[in-house]
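Here is a friendly walk through one protein model. Have the sequence and the 3D view open as you read.

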Amino acid sequence: MAGTRALLMLENFIDGKFLPCDSYLDSYDPSTGEVYCRVPDSGKAEVAAAVAAARAAFPGWSARSPQERSQVLLRLADLLEQSLEEFAVAESRDQGKTITLARTMDIPRSVQNFRFFASSILHHTSQCTQMDHAGCLHYTVREPVGIAGLISPWNLPLYLLTWKIAPAIAAGNTVIAKPSELTSVTAWMLCQLLQKAGVPPGVVNIVFGTGPRVGEALVSHPEVPVISFTGSQPTAERITQLSAPHCKKLSLELGGKNPAIIFEDANLEECVPTTVRSSFANQGEICLCTSRIFVQKSIYSEFLKKFVEATRMWKVGSPADPSASMGALISKAHLEKVRRYVKIARAEGARILCGEGVDRLSLPPGNRAGYFMLPTVITDIKDESRCMKEEIFGPVTCVVPFDSEEEVVKRANSVQYGLAATVWSSNVGRVHRVAKKLQSGLVWTNCWLIRELNLPFGGMKSSGVGREGAKDSYEFFTESKTITIKH
Ligand SMILES: NC(=O)c1ccc[n+]([C@@H]2O[C@H](COP(=O)([O-])OP(=O)(O)OC[C@H]3O[C@@H](n4cnc5c(N)ncnc54)[C@H](O)[C@@H]3O)[C@@H](O)[C@H]2O)c1
Ligand SMILES: N/C(=C/C=C\C=O)C(=O)O
C-alpha cells in the first residue's frame with residue numbers, strides 16, 4: 001500500500017462519466033519503483049455497465065455517416081495533438097520509456113491513428129456483380145459489428161490502444177477498451193478529451209483492471225461479438241478458450257523473435273545504428289524489436305566490434321532525461337525475467353559482450369530503485385538456446401554468424417514466431433528473394449519500423465491471427481452482407 005502522499009487516482013469511464021470503483025490496484029513509476037497511481041480493479045459489474053452504455057449508444061453512433069464520424073475522429077486527433085506534451089510526460093512516467101520516445105513516437109502515432117482512420121473510412125468500396133441470365137444484381141454492404149472489445153498491452157500504451165479504438169469507432173461500432181493495468185494513465189487522460197471532440201456518451205467506454213478479472217469478463221460477455229487483442233501468446237490462448245463458446249471474431253497480435261539478417265554487402269554505416277535502435281528502442285519492449293542478429297561470416301568480426309561500440313553509446317538514464325536513449329523496464333518482475341535470460345545464456349557458455357553483468361550501470365540517486373538494466377549483447381550462443389528461441393521482450397539481443405543465404409533463411413525461420421524481420425544487403429535481387437522466403441508478417445529491408453498504415457500489419461505462426469491496417473481493420477470491425485436484387 002502506498003504512503004500518504006497524493007496518488008493519481010484513475011476512474012473507469014462508462015457512458016461518458018468517470019466512475020469510482022470499489023477496489024484499486026497500485027501502479028508503479030518504473031523509474032523509481034514507487035507507487036504513484038491507483039488503478040480501478042474492475043470486474044463483471046463494471047463490464048455489465050459498460051455493455052449497457054455501449055448498447056444504448058450503438059444505434060445513434062452507427063447511424064451517423066462515415067463523414068460525420070470522420071469529423072469526430074479529426075477533432076479528437078487535434079485535441080490530442082494540442083495536449084501532446086502532457087500525454088508524453090504521462091506516458092513516459094507510466095511506462096518507463098524515455099520522454100524523447102514518447103514525444104516523437106508514442107503520442108504522435110496516437111494522433112496519426114485517429115487521423116488515418118478518419119480518412120480511410122471515407123474510401124472503402126463494396127463489390128457488385130450482374131447475373132444477366134437470371135436477371136439479378138448482387139452487391140455487398142458492410143455494417144458495424146456492434147460492441148467491440150479492445151484489450152491492449154503495456155509497451156506502447158496509447159499508440160496501441162488508439163490503433164484499435166480509431167478503426168472500431170470509425171466503422172460505427174461502440175467500444176469497451178481495457179488497457180494494461182500496468183499502464184492505464186494515458187487511456188484515462190484520453191477519456192477527458194472525448195466529450196469535447198463530440199464522441200457521444202457510451203461510444204467509448206474504458207474499464208481498468210487486471211486481465212483475469214475485468215479482461216475475462218469482457219472476453220466472455222455474450223454481447224461483445226469481437227475481441228481485438230494485443231499481448232502475449234499465453235493470454236491469447238486463454239482469450240481463445242473463453243470466447244470460443246460465443247464464436248467471437250478475434251484479432252490476435254502477439255509476440256515475436258525477430259531476426260536481423262546482415263549480408264556481407266550491407267551498408268554498415270546505416271545497418272549498425274539502425275540495428276542498435278531496433279534491438280533496444282523502448283528498452284527492447286516493442287514486439288517488432290530485433291532479438292536475433294545473423295551476420296555473414298566475412299564481416300562478423302567487423303560488425304560485432306562496431307555493434308558493441310554503438311551499444312555502449314546507448315545511454316540508460318532517467319526517462320525524464322531528454323538525452324537518455326533507454327529508460328526503465330516496465331516492472332520489477334519483468335526486469336528479473338529479462339535478467340534471468342542473460343543468466344541462462346551465461347550458464348550455457350555464451351559470451352556476454354556488453355551490458356548486464358559486464359558493464360557498470362550508473363543512475364541518478366532518485367532512480368536507483370527503478371527497473372533499469374544495460375543493453376546487453378550475447379554471442380557464441382547456440383540456435384537451440386532459450387535466448388534464441390523465446391521472446392525476451394527486453395534490452396537483450398543475440399549475434400551469431402552464418403555462411404549462406406539458404407542456411408540463414410532456414411535458421412531465421414526455425415522459431416515458433418513469425419512477426420517481423422530485417423534484411424540488410426545492397427543486392428536488390430537478394431533482399432526480394434530473402435524477404436519472400438522469411439516466415440514473417442513484416443519484412444523491412446535496409447531499414448526498420450517504417451510503418452505504412454494502409455497495408456496489413458501482423459504476424460504468422462505464433463505471432464498472431466489476423467491483420468490490422470486500413471482495409472484489414474475495417475473488415476475486422478464490420479460484417480459483410482451480400483444482397484441480391486431480382487429485376
Ligand atoms: N503483435 C503486436 O502488435 C504486439 C504489440 C505489443 C506487444 N505485443 C506482445 O505483448 C506481450 C507483452 O505485453 P503484455 O505483457 O501486456 O501482454 P499480456 O498478454 O500479459 O497482457 C496484454 C493485455 O491483456 C490483458 N490480459 C491478461 N490476461 C488476460 C486474460 N486472461 N483475459 C483477458 N485479458 C487479459 C492484460 O491486462 C493486458 O491488458 C509480448 O508478448 C509482446 O510481444 C505484441
Ligand atoms: N500494431 C503496431 C505495433 C507496433 C509495435 C508493437 O510493439 C503498429 O505499429 O501498428
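A few ground rules come first. This is a predicted model, where local features need pLDDT of at least 70 and side-chain atom pairs count only at pLDDT 80 or more, while totals for chains, interfaces and linings use all residues. Residues are numbered from 1 along each chain as its sequence is written, chains are lettered from A and ligands numbered from 1 in the order in which they are written, and side-chain values use heavy atoms, with hydrogens and water left out.

**The domain**

UniProt, in an unreviewed entry, lists residues 24-483 as "domain: Aldehyde dehydrogenase". Its positions are given in the numbering used here, feature names are shortened, and annotations may be inferred rather than shown by experiment. Over residues 24-483 the chain is 41% helix and 21% strand, with the end C-alpha atoms 49 Å apart. Helices (H or I, at least four residues) and strands (E, at least two) are DSSP runs, numbered from the N terminus.

Strands count as paired if DSSP finds at least two bridges between them. One open sheet has three strands in the order β6-β7-β23, with antiparallel pairing. Its edge strands, β6 (128-131) and β23 (478-486), each pair on one side only. From one strand to the next, the twist averages 25°; angles here run from 0 to 180 degrees between N-to-C directions, and axes are lines fitted to C-alpha atoms, for helices over the stretch in contact.

Let's zoom in on the β6 side. Four bridges join β6 to β7 (residues 136-144). Cys 128 has Tyr 139 in β7 as its bridge partner, and Gln 130 stands opposite Leu 137 in β7. The hairpin of β6 and β7 has four residues between the strands, and there Gly 135 takes a positive phi near 65°. Over on the β23 side, nine bridges pair β7 with β23, and Leu 137 has Ile 485 as its bridge partner in β23.

The other open sheet also has three strands, ordered β1-β5-β4, but its pairing is mixed. Here the edge strands are β1 (8-9) and β4 (24-29), each pairing on one side only. β4 and β5 (residues 34-40) run antiparallel over six bridges, with Pro 40 in β5 as the bridge partner of Tyr 24.

**Helix α2 and its partners**

Two packed helices are described by the angle between their axes and the distance between the axes. Here are the values for α2 (residues 66-82) with α6 (residues 185-197) and with α5 (residues 157-170).

| Helix pair | Angle | Axis distance |
|---|---|---|
| α2 and α6 | about 130° | 9 Å |
| α2 and α5 | about 160° | 10 Å |

The angle of about 130° makes α2 oblique to α6, whereas α2 and α5 are roughly antiparallel to each other. The cut-offs are these: under 35 degrees is roughly parallel, over 145 roughly antiparallel, 65 to 115 roughly perpendicular, and the rest oblique.

The crossing of α2 and α6 is right-handed, and α2 passes α5 in a right-handed crossing too. A crossing is right-handed if the near helix is turned clockwise from the far one by less than a right angle, and left-handed if anticlockwise.

Which residues of α2 meet α6? They are Val 72, Arg 75, Leu 76, Leu 79 and Leu 80, and across from them in α6 sit Leu 190, Leu 193, Leu 194, Lys 196 and Ala 197; contact means heavy atoms within 4.5 Å. Nonpolar covers Ala, Val, Leu, Ile, Met, Phe, Trp, Tyr, Cys and Pro, charged covers Asp, Glu, Lys and Arg, and the others, Gly among them, are polar.

On the α5 side, α2 uses Arg 69, Leu 73 and Leu 80, which touch Leu 158, Ala 166, Ile 169 and Ala 170. The residues of this contact divide into six nonpolar, no polar and one charged.
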